[in-house]
Structures are given as C-alpha cells and as structure tokens.
Amino acid sequence: MTTLTLDLQSINLTDEQFFQLCQDNDDLKFERNANGDLIIMSPTGGSTGNRNGRLNQQLFNWSDSDRVAWPSAFGTGIAFDSSTGFKLPNGADRSPDASWIPLARWNSLTPQQQEKFLPLCPDFVIELRSPSDPITAIRKKMEEYRDNGTRLGWLINRKERQLEIYRPSRDVEVLESPSSLSGEEVLPGFVLYLDLIW
C-alpha cells in the first residue's frame, strides 16, 4: 500500500490527458497536486476498504433520506464516493474518500462537466487515513480542501482513534475516539456513527 509521487513538470498533462490516463488505468487511483505532480495510490487493504464503504454507506443513506424530505430528485445535494475526481481551484486533482456538494452547485455544471472530474471543491469531505498514509501528507490534503472552499472536512485517523475537523477560518479541532459526529449546518441532520469505523 504505497503512494508514489512523480514530478511531471516536463510533461505537463492537460486536464483531458489526465482524465484519459485515469480512465485507461482504472485499477489505480491517481491524483495531481497543485504543482502538477502525479500521485499514484495503490488499492487499499481489506480493513480500510471496509471502513471506507461504511463511511460512504452512511453518507449515501443520509443523502437518500434527505432526497425524500425535499421535493427534488437529489434533495439538497449530491454525495460522491472515493472514485470521484475534483479539479480544485488551485489546479490540484483530488479524490476524497467521501464528499458532498449542494444541489445548486451540481446544477450549475454542464452535462459534460458532470461526466468528467468536477471543476470545483466539495463543500464536505471525509478522508480515512490508511495505515500507509503519512499523517503529515493527509493533513496537508485536508488543509488544501479547506483552502479551496471545503466548508467541513473530517480526517479520520483510525490508528490513533482521533478525528480532526477542518472548517474555514478556524483552528483544527481534534476529538479523541468520538462515537458519532454531526454534519453541522453543512449537512443538517447527518450523523456519522463511528463504531463500525474504528
């Protein structure tokens, strides 16, 4: 479970070329940082994959119930899994483990934009630290999300049983082994239960 970073400044892949590279190699997960370096991530192990599935299950269940409560086909917004790519305002291409955007932002995209990596930063993101993830690297990624427009971000560090909460213009809040977490005003009514995540 290794992450490799390749300096591609001499190649300078276009957004379309990067998208096609990801499509042609769908057994790998790629990201790009703001410098254009290619980040290659191997598939997760079984334990992390199971926990990531549980995160997405809870977010999608909430999104489905939110859809029923609102007179829209999508409710107040759209949830995404870890396969979804986002082109952040700083130029980085990222794929959080789970994410969500308001319906108005989804509707502002053209059908072509909806089919490719979404040209925006999610309002809500979750990153689940894998055993091989250096904590400094994943914290930098969380700060990048926040600096590019994420309104609420959760970094789940299973190894230390800690949860870090990232919000705009605020210090990171660290919780020790919480049993649940609220989506606050960003995801009203969403509660993430962590008993199956730890």
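**Close-up 1. Val 125 stands opposite Gly 153 in strand S9.** Strand S8 and strand S9 (residues 152-157) run parallel and share five bridges. Strands are DSSP runs of E with at least two residues, and helices are DSSP runs of H or I with at least four, numbered from the N terminus. Two strands pair if DSSP finds at least two bridges between them. The model is predicted, so local features need pLDDT of at least 70 and side-chain atom pairs count only at pLDDT 80 or more, while totals for chains, interfaces and linings use all residues. Residues are numbered from 1 along each chain as its sequence is written, and side-chain values use heavy atoms, with hydrogens and water left out.

**Close-up 2. Six strands build an open sheet with mixed pairing.** The strand order is S4-S7-S8-S9-S10-S11. The edges are strand S4 (77-80) and strand S11 (173-176). Each has a single partner strand, so one side of each is left without a neighbour in the sheet. Neighbouring strands are turned by 15° against each other on average, direction ignored. For such angles, axes are lines fitted to C-alpha atoms (for helices over the stretch in contact), and values run from 0 to 180 degrees between N-to-C directions.

**Close-up 3. Phe 19 and Phe 117 belong to the aromatic pairs, which number nine.** Rings of Phe, Tyr and Trp (its six-membered ring) pair if their centres lie within 6.5 Å; planes under 30 degrees apart are stacked, over 60 edge-to-face, and the rest tilted. Phe 19 is buried at 13% relative accessibility, and Phe 117 is buried at 19%. Buried means under 20% relative accessible area, exposed over 50%, partly exposed in between (1.4 Å probe, protein chains only).

**Close-up 4. Phe 80 and Phe 86 form an edge-to-face pair.** Their centres are 5.6 Å apart, with 90° between the planes. Phe 80 counts as buried at 9% relative accessibility. Phe 86 is buried too, with a relative accessible area of 1%.

**Close-up 5. Ring pairs join five residues into a cluster.** The members are Trp 62, Trp 100, Phe 124, Trp 154 and Phe 190.

**Close-up 6. Ser 108 lies in the loop between helix H3 (103-107) and H4.** Ser 108 is exposed, at 56% relative accessibility. Ser 108 and Leu 155 are 47 residues apart in sequence and 28 Å apart in space, C-alpha to C-alpha.
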